[in-house]
Amino acid sequence: MHYYIKNNTIIYNFQKSLDFITKKGKAIYGHHFQLLNEDMPLIRKIFAYTIGDNENTIIQGLNPRKGLILCGPIGCGKTSLMKLMQLLLPIQQHYPIKACRDISFEFQKDGFDVIHRYSKRSFAITPGSKIPKTVCFDDLGAEQNLKHFGSECNVIAEILLSRYDLFISDNLITHITTNLDAADIEKMYGQRVRSRLREMVNLISFEEGAVDKRK
Ligand SMILES: Nc1ncnc2c1ncn2[C@@H]1O[C@H](COP(=O)(O)OP(=O)(O)OP(=O)(O)O)[C@@H](O)[C@H]1O
Ligand SMILES: [Mg+2]
């Protein structure tokens with residue numbers, strides 16, 4: 001096991017956790033999956049943060065009260081790390097990973113309800129099932145501004161602005177993966193979103209030259 005429980009607290013073993021993630025990665029992405037040495041500094045940060053080791057999270061330069069934004073070039077492994085890391089957690093603590101493109105399609109279909117759907121503390125997709133409050137918005141910037149009956153809306157910007165208010169009032173956590181840098185984010189979503197994101201999320205940046213891990 002990669003963890004044990006002591007006084008109602010889960011204690012994680014770092015090396016065994018990495019082995020566990022690698023095993024899951026191989027099962028999902030194929031046998032070539034392995035955690036690379038060059039990614040270890042980032043993996044350490046995300047690990048400490050994910051398991052809620054506040055002391056090490058702070059040592060690693062992250063604020064445990066904020067979410068994460070993983071930035072980096074195409075295929076460097078952002079989405080897979082977000083997917084795999086949360087597998088270390090008990091299932092009740094898993095959060096949905098929603099592709100921003102899918103959210104823009106949902107807006108086209110369902111309209112402004114979608115903004116509400118993703119900016120509530122918790123909400124039901126089907127009666128009885130509650131989605132946890134944390135959401136990871138995958139591939140920020142890859143969506144288009146689709147229209148719902150002729151009204152166009154920067155849905156993702158609206159969702160992020162609403163979630164910021166809930167971050168302030170209720171500590172709502174938002175995670176993001178993106179190929180965009182801060183300047184691109186400002187261009188696409190405006191200054192208000194950029195400024196709020198700075199306060200809401202810890203920046204975790206892959207090197208610009210990080211390799212594309214897609215085969
Ligand atoms: N550590 C790894 N070792 C081997 N292959 C990997 C690793 N991480 C990811 N991959 C492979 O690379 C593919 C791309 O990874 P992932 O989707 O996480 O990248 P990304 O940074 O989210 O890319 P994009 O910016 O296009 O969304 C995965 O589908 C997987 O097959
Ligand atoms: Mg991705």
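This briefing describes a sheet, a pair of helices and a ligand shell. The model is predicted, so local features need pLDDT of at least 70 and side-chain atom pairs count only at pLDDT 80 or more, while totals for chains, interfaces and linings use all residues. Residues are numbered from 1 along each chain as its sequence is written, and chains are lettered from A and ligands numbered from 1 in the order in which they are written.

**Sheet**
- Strands E3 (residues 67-71) and E10 (residues 174-178) pair in the parallel sense over 3 bridges; pairing requires at least two DSSP bridges.
- Leu70 has Thr177 in E10 as its bridge partner.

**Helices H8 and H9**
- The axes (lines fitted to C-alpha atoms, for helices over the stretch in contact, with angles from 0 to 180 degrees between N-to-C directions) of H8 (residues 182-189) and H9 (residues 191-200) come within 7 Å and cross at roughly 135 degrees.
- Ala182, Ile185, Glu186 and Tyr189 in H8 meet Gln191, Val193, Arg194 and Leu197 in H9, contact meaning C-beta atoms, placed from the backbone, within 7 Å.

**Ligand 1**
- Ligand 1 is surrounded by 19 residues, the closest being Gly77, Lys78, Thr79, Ser80 and Lys213; the C-beta atom of each, placed from the backbone, lies within 6 Å.
- Helix H4 (residues 78-85) supplies the largest share of this shell, 3 residues; helices are DSSP runs (H or I) of at least four residues.

Conventions
Helix = DSSP H or I, 4+ residues; strand = E, 2+ residues; numbered from the N terminus. Contact = placed C-beta atoms within 7 Å.
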